[in-house]
Amino acid sequence: MTHHFEGRSVVVSGACGGLGQALAQAFGERGARLVLLDRDAAELDALATRLDPGARTAVYDQADPASIAQAMSSVGTIDVFINNAAYMIRKPLLDMEDGEVRHLIDVNLTGAILMAMAAARAMRDRGGVIVNLASQLAFTSEHERAVYSAAKAGLVQFTKNAAREWIRHGIRVCAIAPGVVRTNMTDNLSDEVRRRLMSRVPTGEMIGPDAIARLVALIASDEASSFVGQTLIADNGYLLQ
Ligand SMILES: NC(=O)c1ccc[n+]([C@@H]2O[C@H](COP(=O)([O-])OP(=O)(O)OC[C@H]3O[C@@H](n4cnc5c(N)ncnc54)[C@H](O)[C@@H]3O)[C@@H](O)[C@H]2O)c1
């Protein structure tokens, strides 16, 4: 194992989710000082106890700008920020209530942008890396995912523009767009939706969260210093058609 992150402070949002836990584990194994953020204090404590009792934790709500500001100002030095927290509502678009649309955008786009901005302010004097978690749905369409997809497409475009603006501060911004990953987000898919989705995946398999975590660790490392503003699509071939 290459210890690319020895002594570096790596902040992971949405750390208690399927990808978040894999990310925390991958960066921990690579020597990072972990800072784990999520909504639920008890789950965060349990995760820290399991992975790294020395990890710092902060509870926040990504729908709430004040909560974001408080959590991000409490974490201290940030060398790498993994902007991972998000959620999904699957519903026919015409059945979605205004409040559901707003909340989804508040958390998945506005909140993610505010998190990246807070991280960049903390990094301004010494540089760092921000990796945004987008989705293959930023680049294609699927039933009942319109608002989620719009938020993720917004995050891809934010990544390009923030990268251009912040590189002068030594802050490298990039993103990853996973395909269908085995996590809570995909656990409750109906058989019909799962069959339809998987029929479009050339490998025929869902992606393991640890496979995405390894790629995130790579693009966040100094080895990937030329990877600026772009989004790496890691989808087991879903978008090839
Ligand atoms: N699972 C997939 O197939 C897939 C595919 C593409 C992209 N992604 C993206 O990967 C990232 C991680 O997804 P996952 O599959 O691990 O999902 P998950 O549901 O397992 O985990 C998401 C985490 O985000 C946290 N979170 C949600 N809303 C929050 C809020 N308001 N404030 C603070 N924390 C909040 C949750 O508590 C949870 O721990 C997300 O950005 C997701 O959009 C997932």
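This is a predicted model: local features need pLDDT of at least 70, side-chain atom pairs count only at pLDDT 80 or more; totals for chains, interfaces and linings use all residues.
Local features were considered only at pLDDT of at least 70 and side-chain atom pairs only at pLDDT 80 or more, whereas totals for chains, interfaces and linings use all residues. Residues are numbered from 1 along each chain as its sequence is written.

The model contains an open sheet of 7 strands, arranged in the order β3-β2-β1-β4-β5-β6-β7 with parallel pairing; strands (E, at least two residues) and helices (H or I, at least four) are DSSP runs numbered from the N terminus, and two strands pair if DSSP finds at least two bridges between them. The edges are formed by β3 (56-59) and β7 (231-234), each of which pairs on one side only. Strands of a sheet pair through backbone hydrogen bonds, either parallel or antiparallel. Within this sheet, β1 (residues 9-13) is joined to β2 (residues 33-38) by 5 bridges in the parallel sense, and V10 stands opposite L34 in β2. Strand β4 (residues 80-83) likewise runs parallel to β5, through 4 bridges, with F81 opposite I130 in β5.

Strand β5 (residues 128-133) is mostly covered, 6 of its 6 residues being buried, where buried denotes 20 or more other C-beta atoms within 10 Å of the residue's own, with C-beta atoms placed from the backbone. In a regular strand the side chains alternate between the two faces of the sheet. In β5, G128, I130 and N132 are buried on one side, and V129, V131 and L133 on the other.

When residues up to four places away in sequence are not counted, A119 touches V11, M72, I78, F81 and I130, contact being defined by C-beta atoms, placed from the backbone, within 7 Å.

Helix α4 also holds G111, which counts as buried because it has 25 C-beta neighbours inside 10 Å. Beyond its neighbours within four places in sequence, G111 contacts Q62, A63, I68 and D106. The C-alpha atoms of G111 and P65 are 7.1 Å apart, although 46 residues separate the two along the chain.

Around the ligand lie 26 residues, of which G14, G17, L19, A86 and T183 come nearest; a residue is near a molecule if its C-beta atom, placed from the backbone, lies within 6 Å of it. Two or more residues of this shell are given by each of α1 (18-29) and α6 (184-187).

Definitions and conventions:
Two residues are in contact if their C-beta atoms, placed from the backbone, lie within 7 Å. A residue is buried if 20 or more other C-beta atoms lie within 10 Å of its own, exposed if 12 or fewer, and partly exposed in between; C-beta atoms are placed from the backbone.
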